Amino acid sequence: MASPLLSVSSYAVEMRGTASALLEAMRPRQWVKNVFVLAGVVFGGRLFDPAACMRASVCFLLFCCASSAVYLINDTFDRANDLHHPAKCLRPIPSGRLPVPAALATALVLAAGAIAGSFALSRATFLIVVIYLASSMGYTSGLKRIFILDVLIVASGFVLRAAAGAAAVHAEISPWLICCTFLLALYLALGKRRNELTLLGDSARQHRDNLGSYTVPLLDSWLTALSGATIVCYALYTQSPRTVHNFHTTNLLYTIPFVVYALFRYQHLVLRENEGGDPGSSLVRDRGMVIAILGWTAMAAFIVYAR
């Protein structure tokens, strides 16, 4: 007969394992994607406004909760298909390390917290968070299996992040910047699709049916077109009358080299040994990408605020 002390110890170990698996399934490394929420406070000229920065930070945390809720539900829905993926099969839910009831309960709490918190910020932020969660649920429940629509929904999620951050601080974002955000997000999403194709090979369709509709040459052509479109769109943003009026300078043009380098660097990572397919990992782990992003941030901040 097992002693009560041994049973309690085993239960504690099991709970620690579940908690660790739950945190892993929430994908905190992917929270870097939510920095798009901060676009409103940065490009709205509110970076040195403590109240605006606080509201933007809260909005960032709310989207971390919302995105983690989506990850948990998505992994629950996809646990059978993920077993055919060499990397995704190791995730906590498909591998069985995280029980499905625990994942769904946590997702419900996180989603409810994101909705309640966004309502406290503003009605516009609340509406955007609800739309984000609804579109993400639609994506998870079947839209991600529709050719092209899948990546468009992913890209729109980044636009919603930027719009929510702007709404939280009552700032406006240039339509050109919104366009840049969408094109950049679409570029990253297509890079991930290419990575999945090259990584899975002939078994790609087993993982997800619509992957069979994509081809590497097709995705390469789209990536090339999108990189050019993003650069042109960003250049137009830096010189648009609205941007010049808001920041009283045309010098944002000098941040374009960082954008060009980052886009080209990312495509290089995608093409080289199947790296770079995951936008979050590439942005955080690659030294060249980190330098480009920090360089762009420093240059843009100096131009916008040091006047």
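This briefing looks at one helix pair and at a set of salt bridges. The model is predicted. Helices H8 and H9 pack with their axes 8 Å apart, and a search of the whole structure turns up twelve salt bridges. The two topics meet at Arg193 and Asp150, a salt-bridged pair whose residues also belong to the contact between H8 and H9.

**How H8 and H9 pack**

- Two packed helices are described by the angle between their axes and by the distance between those axes.
- Here, H8 covers residues 149–168 and H9 covers residues 175–200, and the angle between the two is about 135°.
- Since angles over 145 degrees would count as roughly antiparallel and those from 65 to 115 as roughly perpendicular, H8 and H9 are therefore oblique to each other.
- The handedness of the H8 and H9 crossing is right-handed.

**What lines the H8 and H9 contact**

- On the H8 side, the residues in contact are Asp150, Val151, Leu152, Val154, Ala155, Ser156, Phe158 and Val159.
- Facing them from H9 are Ile178, Thr181, Phe182, Ala185, Leu186, Ala189, Leu190 and Arg193.
- Sorted by class, this contact of H8 with H9 holds twelve nonpolar, two polar and two charged residues.

- Arg193 pairs with Asp150, and their closest N and O atoms are 2.9 Å apart.
- Because Arg193 sits in helix H9 and Asp150 in helix H8, the pair ties together parts that are 43 residues apart in sequence.
- Arg193 and Asp150 are both buried.
- The pair is also part of a network: salt bridges with shared partners join Lys88, Asp150, Arg193 and Glu196.

**Glu24 with Arg97**

- The side chains of Glu24 and Arg97 form a salt bridge, at 3.2 Å from N to O.
- Glu24 belongs to helix H1 (residues 4–25) and Arg97 to the loop between helix H5 (92–95) and helix H6 (100–121), so this pair ties together parts 73 residues apart in sequence.
- Glu24 has 40% relative accessibility and counts as partly exposed.
- Arg97 likewise counts as partly exposed, at 40% relative accessibility.

**Arg91 with Asp75**

- Another salt bridge joins the side chains of Arg91 and Asp75, at 3.2 Å from N to O.
- This pair links distant parts of the chain, 16 residues apart: Arg91 is in the loop between helix H4 (79–82) and H5, while Asp75 is in helix H3 (residues 50–77).
- Buried or partly exposed: which is Arg91? With a relative accessible area of 21%, Arg91 is partly exposed.
- Asp75, at 1% relative accessibility, counts as buried.

Methods. Residues are numbered from 1 along each chain as its sequence is written. This is a predicted model: local features need pLDDT of at least 70, side-chain atom pairs count only at pLDDT 80 or more; totals for chains, interfaces and linings use all residues. Side-chain values use heavy atoms; hydrogens and water are left out. Axes are lines fitted to C-alpha atoms, for helices over the stretch in contact, and angles run from 0 to 180 degrees between N-to-C directions. Helices (H or I, at least four residues) and strands (E, at least two) are DSSP runs, numbered from the N terminus. Angles under 35 degrees count as roughly parallel, over 145 as roughly antiparallel, 65 to 115 as roughly perpendicular and the rest as oblique. A crossing is left-handed if the near helix is turned anticlockwise from the far one by less than a right angle, and right-handed if clockwise. Contact means heavy atoms within 4.5 Å. Ala, Val, Leu, Ile, Met, Phe, Trp, Tyr, Cys and Pro count as nonpolar, Asp, Glu, Lys and Arg as charged, and the others, Gly among them, as polar. A salt bridge is a side-chain nitrogen of Lys or Arg within 4 Å of a carboxyl oxygen of Asp or Glu. Buried means under 20% relative accessible area, exposed over 50%, partly exposed in between (1.4 Å probe, protein chains only).
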